[in-house]
Amino acid sequence: MTEATTFQVRAILGKYPVTRSRGKDGRDRLDDILSGYNGLDLTIDFSGVEAMNQSFVDEFLGRFLVSHDFGATDATVKVTGLDEDTRFSIVVCVERRDTQVAILDSGALTLVGDKFLAETFEKALTLGTFRATALAEELKLSAQNANNRLKRLTAAGALRKSQVTGSSRGGKEFEYTVVSSHVADGQPLTPA
Amino acid sequence: MDMVLVGDRPLAEAALLSFGETGLDSLKIDATRLTFACPLDLAGIVATAHWAAGCSMPVTLDLPHDQDIGSYLQRMDVLRQMPARTRIAGRVPADGRADLSEKLLEVTALSLRTADDLSERVLGPLVTAFYDEHGGTGAAAVIGACGELMDNAVDHGQSETGAFIAIQTYSGTTTDAPRFEMAVCDTGVGVMETLRQNPQYAHHTRDELAIAEAMRAGVSGIGAGRGNGLSDVIGKTRQHGRLDFQIRSGRGEVRVSGSASSTHTETPHSRPDQTSGTWAWLSHRMPKQE
């Protein structure tokens, strides 16, 4: 069972957030949201944020992304509501932190970060729900390489991994689903 | 100590703190011959006065003979923000004022507690309105740059004396283009001491070289993926107009200028006087309209 929530940056942190202190405040709130749930679909919505500096973005989003293995709690994460300037800030942040994040823009999902993972994510979008072998075939990758990429995308919250029940093959089998393009309302979740 | 302010924007140009006639026991700020003050002058006067008061020095401010510039200091809250018991010499101008919050920010104390509120309530709306009015494209970049300087002041520049910020916009009617200026002057430990917290930069002994180093991307006294603030200030704002940027701290000073089409230049200077803390002055001129 998954739940979904949206963190409204504008409403909580302001229209012009500029300090690391404000970024840390926001990150603490994200950590609190995440800690109460398994299988959470978290959307971080920057709609209405007019300008923000790189230090704020790094403290808020950059450090949040690198401090979690979202796959460990079956969480997914995406960012939305970006304009040209705020998107650029997110891209710079992700590059500097050597991480990745899914971005929802006008209903379309993309991944910013490592270009091979972005290519993998793009293929995953066309597959919907899939197994590693299907992705390996599509991208002409070894199974190990495909699994490595899927592991990183799952850790980044861009994919959700679930165990296949009733598999006819031996051992555990998993299938992967791309982060949902649905944006939940901004109401706080009830305690888990 | 004497701070003699002569002519136009003296603290941005050549004014020095000297031991002068008053020695180390007091601070006299002589603004009698001041003819034009930019935000760095305004915030710098107040920060220096607070630093001196924090060292138990009595402070005297000699007001400008030019009544217009005296009124401007009054309008920009220089007199209001001076330390308690500052002796003000000269004719104190009347304190009548109109709301110009879309064009300027008076000298204002800046702290970790107030920085985000200032950004939300004043900086963001002011910069957005100014760039919208003049057709400039750099509002987000300038807000971000100012935010980096404010964050540096309240993060690295913390002290009991605090930090001060001032903003002034210029319409360009009497110059060649609209211009935005902001200064943040803190009274903290300074750039070099902050940088030296990182063992990688502990070898620095000259302020100007430490400042120049701190302007490079990824150089930080803290480490851990930080140290891009100053390089972002320069890199982003110059894409949208002409940037003149100055940082002084301790006995050092670095000036950077640049635009989208030209490489910025850095000139580290050693100063004969000592800036207690870090002063940053950003001037951003919009491109000329065709």
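**Figure 1. Salt bridges between chain B and chain A.** Two salt bridges link chain B and chain A (a salt bridge is a side-chain nitrogen of Lys or Arg within 4 Å of a carboxyl oxygen of Asp or Glu). In one salt bridge, B:Asp232 pairs with A:Arg96, with 2.7 Å between the closest N and O atoms. On the chain B side, helix H4 (115-133), helix H5 (139-155) and helix H8 (229-237) each provide at least two residues of the side that touches chain A. Helices (H or I, at least four residues) and strands (E, at least two) are DSSP runs, numbered from the N terminus. This is a predicted model, in which local features need pLDDT of at least 70 and side-chain atom pairs count only at pLDDT 80 or more, while totals for chains, interfaces and linings use all residues; side-chain values use heavy atoms, without hydrogens and water. Residues are numbered from 1 along each chain as its sequence is written, and chains are lettered from A in the order in which they are written.

**Figure 2. The interface of chain B and chain A as a whole.** Contact (heavy atoms within 4.5 Å) involves 21 residues of chain B and 23 residues of chain A. The size of an interface is often given as the accessible area lost when the parts come together. Here the two chains bury about 1700 Å² between them, with 48% of it on carbon and sulfur atoms. Buried area is the accessible area (1.4 Å probe) that two parts lose on being put together, summed over both. Between chain B and chain A, 11 residue pairs are in polar contact, both residues at pLDDT 80 or more. A polar contact is a pair of N or O atoms within 3.5 Å; within protein, one must be able to donate a hydrogen and the other to accept it, and residues adjacent in sequence count only if both atoms are side-chain atoms. The side of chain B that touches chain A has six nonpolar, seven polar and eight charged residues. Ala, Val, Leu, Ile, Met, Phe, Trp, Tyr, Cys and Pro count as nonpolar, Asp, Glu, Lys and Arg as charged, and the others, Gly among them, as polar.

**Figure 3. The five-stranded open sheet of chain A.** Its strand order is E1-E2-E3-E4-E5, with mixed pairing. Two strands pair if DSSP finds at least two bridges between them. Strand E1 (3-8) and strand E5 (108-112) of chain A are the edges, each pairing on one side only. From one strand to the next, the twist averages 30°. Six bridges join E1(A) to strand E2 (residues 40-45) of chain A in the parallel sense. A:Thr5 sits opposite A:Leu42 of E2(A).

Figure 4. Helix H2 (residues 20-35) of chain A lies across E1 and E2 of chain A, at about 170° to E1(A). Axes are lines fitted to C-alpha atoms, for helices over the stretch in contact, and angles run from 0 to 180 degrees between N-to-C directions. Within helix H2 of chain A, A:Lys24 and A:Asp28 are four residues apart, about one turn of the helix. Their side chains form a salt bridge (2.9 Å, N to O).

**Figure 5. The three-stranded open sheet of chain A.** The order is E6-E8-E7, with antiparallel pairing. Strand E6 (129-131) and strand E7 (159-163) of chain A are at the edges with a single partner strand each, so one side of each has no neighbour in the sheet. E6(A) and strand E8 (residues 174-178) of chain A run antiparallel, joined by three bridges. A:Thr129 has A:Thr177 in E8(A) as its bridge partner. Helix H6 (residues 132-139) of chain A packs on this sheet, touching E6 and E8 of chain A, at about 85° to E6(A).
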